[in-house]
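Q: I have a chain to look over before I set anything up. Can you walk me through it?

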Amino acid sequence: QVQLVESGGGSVQAGGSLRLSCVASGYTHSTVCMGWFRQAPGKEREGVAFIAHDGRRSYADSVKGRFTISKDNADNTLYLQMNSLKPEDTAMYYCAAGLLPNKCLATPYLALTYDYWGQGTQVTVSS
């Protein structure tokens, strides 16, 4: 059974940093694509960063240059390093895994692309 467990959220001041982790079990990172999404109260879930099965990465414009997605295939762990955080980054952050590489590459920021989701970790940035 596939499970994704996020951690690393918390409360920081604007300009601060956090690193989110997502530990996966039930499959291997090397064969799937992974993404980080976030959802703020009253807003739709939005894609933040994506990493393909072959390591290609992309980022939403809102986080480009500030966030970095990476993965450790040996530990089956996905990371999101978040620097220069802004109050508008406040949201629940979710990691997701997609089993179809071509589908991931075609629509990496579409939630329906992904087959498995974690429970989320809260990030709060104060001004």
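A: A term to start with: a disulfide here is a pair of cysteine sulfur atoms within 2.5 Å. By that criterion the structure holds 2 disulfides. This is a predicted model, in which local features need pLDDT of at least 70 and side-chain atom pairs count only at pLDDT 80 or more, while totals for chains, interfaces and linings use all residues. Residues are numbered from 1 along each chain as its sequence is written, and side-chain values use heavy atoms, with hydrogens and water left out.

Q: Which cysteine forms a disulfide with Cys 22, and how far apart are the sulfur atoms?

A: Cys 95, with the sulfur atoms 2.0 Å apart. The link between Cys 22 and Cys 95 is right-handed, with 50 degrees about the S-S bond. Cys 22 sits in strand β3 (residues 18–25) and Cys 95 in strand β9 (residues 91–98), so this pair ties together parts that are 73 residues apart in sequence. Helices (H or I, at least four residues) and strands (E, at least two) are DSSP runs, numbered from the N terminus.

Q: Is Cys 22 buried or exposed?

A: Cys 22 is buried, at a relative accessible area of 0%, and Cys 95 is buried with a value of 0% too. Buried means under 20% relative accessible area, exposed over 50%, and partly exposed in between (1.4 Å probe, protein chains only).

Q: And what does Cys 33 form with Cys 104?

A: A disulfide, with sulfur atoms 1.6 Å apart. Cys 33 is in strand β4 (residues 33–39) and Cys 104 in helix α1 (residues 101–106), so far as the pair links distant parts of the chain, 71 residues apart. Both Cys 33 and Cys 104 are buried. Numbered in sequence order, the bonded cysteines of the chain pair 1-3, 2-4.

Q: Changing topic. Where is Asp 89 found?

A: In the loop between β8 (77–82) and β9. Asp 89 counts as buried, at 1% relative accessibility.

Q: Which side chains make a polar contact with the side chain of Asp 89?

A: Arg 38, at 2.9 Å, and Arg 66, at 2.7 Å. A polar contact is a pair of N or O atoms within 3.5 Å; within protein, one must be able to donate a hydrogen and the other to accept it, and residues adjacent in sequence count only if both atoms are side-chain atoms. Leaving aside neighbours within four places in sequence, Asp 89 is in contact (heavy atoms within 4.5 Å) with residues including Phe 67, Ser 84, Val 123 and Val 125.

Q: How many residues are in the largest nonpolar core?

A: It has 30 residues, and those with the most contacts inside it are Trp 36, Leu 80, Met 82 and Tyr 93. A nonpolar core is a set of buried Ala, Val, Leu, Ile, Met, Phe, Trp, Tyr and Cys residues joined through side-chain atoms within 4.5 Å. Strands that each supply at least two residues of this core include β5 (46–51), β7 (67–72) and β11 (121–126). A second, separate core of 7 residues includes Phe 37, Phe 50, Ala 96 and Cys 104.

Q: What about the chain overall?

A: There are 1 helix and 11 strands, running β-β-β-β-β-β-β-β-β-α-β-β from the N terminus on. Of the 127 residues, 45% count as buried. The C-alpha atoms fill a box of roughly 40 × 25 × 25 Å, taken along the principal axes.
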